[in-house]
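Please consult the sequence and the structure while reading the points below.

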Amino acid sequence: MKGHVQARHNLRHVYQFLPTELFDEKLFKQPPPDEDEDSCPICYLRLPIDLDQIRYQSCCGKMLCGGCVCAHKVAAADTEKFKCVFCRTEAPSSYEEDLERMKKRVGANDARAMANLGSYYQLGRRGLRQDHSKALELYHKSAKLGHHFAHQNLSVCYQTGDIGEKDTRKAKYHGQLAAMAGNVYARHNLGCAEGYANVDRAFKHWMISANDGYDVSMKAVQEGYEIGFVTKDDYAKTIRAYDNSIAEMKSDDRDRYAASKAE
């Protein structure tokens with residue numbers, strides 16, 4: 001994981017000095033899959049896009065799909081049900097214990113843990129008091145390590161100004177880095193920012209995130225096709241890529257987990 005993160009961090013400095021044409025070539029390139037970052041280490045399937053279907057393990061720092069967590073609890077013996085399905089550590093008994101584990105992961109330079117802990121400080125979750133300066137500090141540390149969700153969170157923070165300064169230039173900068181690292185939410189937002197003033201660029205963004213399986217972007221591309229902004233060929237290619245991405249993220253265990261969450 002560290003090699004991939006460091007490579008993305010190094011690219012951050014390269015992109016700042018590229019001519020516009022070369023930068024756009026990088027910006028509108030479909031991000032390659034990163035198995036270390038994008039796959040569940042138990043079932044080896046692509047992690048779901050829906051964040052409610054993913055579980056971060058503060059014991060080992062792994063991101064697991066809800067399907068594997070659910071299947072483990074169903075199949076495991078009573079003494080094993082509440083252990084991490086990856087590292088077999090007992091689940092934390094309280095928010096306090098979970099936070100202590102998270103902070104240890106932060107101390108070990110875990111970019112995911114930094115972004116997660118930052119969100120807890122931003123929203124005042126897990127018993128923490130809201131601390132916007134601490135949230136921004138953690139987001140920036142995580143972003144420097146190349147974590148795309150940290151870049152996405154920073155993009156939203158700077159766009160809205162909810163927890164600090166409002167700076168559209170910084171919002172765009174972090175949004176672009178997140179999108180180039182494969183964050184579909186950031187990619188979709190870039191399309192929305194382009195809007196109908198730059199319709200070609202907007203639909204390029206939406207087709208890329210739709211290709212990765214983001215349903216909101218797929219609906220935007222469909223609407224673009226219906227009103228003539230997307231060609232028949234591009235629409236057909238996007239549908240095929242979208243369907244393939246959905247298939248890569250689908251399993252019976254994940255369907256059961258999603259159904260249990262909806263009850």
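Which residues in H9 meet which residues in H10? In this predicted model, Lys-172, Gly-175, Gln-176, Ala-178, Ala-179 and Met-180 of H9 face Ala-186, Arg-187 and Leu-190 of H10.

**H9 and H10**

- Helix H9 covers residues 168–180, and its axis comes within 7 Å of that of H10, with a crossing angle of roughly 130°.
- H9 is therefore oblique to H10.
- The crossing of H9 past H10 is left-handed.
- By residue class, the contact of H9 with H10 comprises five nonpolar, two polar and two charged residues.

**H10 and H11**

- Helix H10 (residues 184–194) and helix H11 (residues 199–211) have axes that come within 7 Å and cross at roughly 160°.
- The two helices, H10 and H11, are therefore roughly antiparallel to each other.
- H10 passes H11 in a left-handed crossing.
- On the H10 side, the contact is formed by Val-184, Arg-187, His-188, Leu-190, Gly-191, Cys-192 and Glu-194.
- On the H11 side, the contributors are Arg-201, Ala-202, His-205, Trp-206, Ile-208 and Ser-209.
- Six nonpolar, four polar and three charged residues make up the contact of H10 with H11.
- Arg-187 and Leu-190 of H10 take part in the contact with H11 and also meet H9.

**H12 and H13**

- Helix H12 (residues 215–226) packs against helix H13 (residues 232–248) at an angle of about 160°, and their axes lie 10 Å apart.
- H12 and H13 are therefore roughly antiparallel to each other.
- The crossing of H12 past H13 is left-handed.
- H12 contributes Asp-215, Met-218, Val-221, Gln-222 and Tyr-225 to this contact, while H13 contributes Lys-232, Tyr-235, Thr-238, Ile-239 and Tyr-242.
- The residues of the contact of H12 with H13 are six nonpolar, two polar and two charged.

**Helix H8**

- Helix H8 (residues 148–160) consists of 13 residues and reaches 18 Å from its first C-alpha to its last, close to the 18 Å expected at 1.5 Å a residue.
- The buried residues of H8 are His-148, Ala-150, His-151, Gln-152, Leu-154, Ser-155, Cys-157 and Tyr-158.
- An α-helix has 3.6 residues a turn, so residues three or four places apart point the same way.
- Gly-161 follows H8 and has a positive phi, near 70°.

Technical notes
Residues numbered from 1 in each chain as written. Predicted model: local features only at pLDDT ≥ 70, side-chain atom pairs only at ≥ 80, totals over all residues. Heavy atoms only, no water. Axes fitted to C-alpha atoms, helices over the stretch in contact; angles between N-to-C directions. Helix = DSSP H or I, 4+ residues; strand = E, 2+ residues; numbered from the N terminus. Parallel < 35°, antiparallel > 145°, perpendicular 65-115°, else oblique. Left-handed = near helix turned anticlockwise from the far one by under 90°. Contact = heavy atoms within 4.5 Å. Nonpolar A, V, L, I, M, F, W, Y, C, P; charged D, E, K, R; others polar. Expected span 1.5 Å × (residues − 1). Buried < 20%, exposed > 50% of the residue type's maximum accessible area, 1.4 Å probe, protein only.
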